[in-house]
Amino acid sequence: MQTIREILVEQGLFFKDQRLEWGAALSAYKDYLSPDKKHVLIELKIDEVKLLEGLEYKLIDHHNESDKHPSALKQLVDYLNTELRLDVEWTRERKLVAANDSGYIPALKAIGASPEEIVRIRRKDRQAQGVTAREEELAL
């Protein structure tokens with residue numbers, strides 16, 4: 001989500017991020033939903049289907065029943081480039097982040113990530129998730 005936020009800021013797009021934990025639900029955003037806007041709902045559990053009534057929206061997810069889809073990052077970049085006709089670059093760094101998000105180390109290796117890239121991307125992932133230095137030590 002950190003890389004997604006960076007892209008949205010880079011593109012000057014409005015977004016609302018409640019910075020919720022895993023399993024975040026659509027209802028947490030109900031005060032921001034409006035039929036006057038197009039909504040892109042990223043990795044949200046649709047806990048109240050009726051909140052979607054009358055909305056124009058795009059669901060982006062790659063978990064559970066959507067596990068055959070590319071990573072949320074890749075889906076968002078594709079959406080921004082095709083639907084909004086923006087020019088968001090699909091950089092090596094973004095490819096690494098997306099691979100890590102959807103398949104961890106095996107997916108990183110599958111796209112030819114070097115050992116250094118794997119260590120760096122996994123470290124960034126842990127930092128983004130708020131893993132502390134002490135937790136890192138305890139995990140060793």
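Author: The chain averages a pLDDT of 90, with 94% of residues at 70 or more; pLDDT is the predictor's confidence in each residue, from 0 to 100. So this is a predicted model, where local features need pLDDT of at least 70 and side-chain atom pairs count only at 80 or more, while totals for chains, interfaces and linings use all residues. Residues are numbered from 1 along each chain as its sequence is written, and side-chain values use heavy atoms, leaving out hydrogens and water.

Reader: Is Ser-27 buried or exposed?

Author: Buried means under 20% relative accessible area, exposed over 50%, and partly exposed in between (1.4 Å probe, protein chains only). Ser-27 counts as buried because its relative accessibility is 18%, and its place is the loop between helix 1 (2-10) and strand 1 (38-42). Compare Lys-95 in helix 3 (residues 92-110): at 36%, Lys-95 counts as partly exposed.

Reader: What does the side chain of Ser-27 make a polar contact with?

Author: A polar contact is a pair of N or O atoms within 3.5 Å; within protein, one must be able to donate a hydrogen and the other to accept it, and residues adjacent in sequence count only if both atoms are side-chain atoms. For Ser-27, the partner is the side chain of Asp-47, at 2.4 Å. Contact alone means heavy atoms within 4.5 Å. Not counting residues up to four places away in sequence, Ser-27 touches Asp-47, Glu-48 and Leu-51.

Reader: How many residues are in the largest nonpolar core?

Author: In soluble globular proteins, nonpolar side chains tend to be buried together. A nonpolar core is a set of buried Ala, Val, Leu, Ile, Met, Phe, Trp, Tyr and Cys residues joined through side-chain atoms within 4.5 Å. The largest one here has 21 residues, with Ile-4, Leu-76 and Leu-108 among those with the most contacts inside it. Helices 1, 2, 3 and 4 each supply at least two of its residues. Apart from it lies another core of nine residues, including Ala-24 and Tyr-29.

Definitions and conventions. Helix = DSSP H or I, 4+ residues; strand = E, 2+ residues; numbered from the N terminus.
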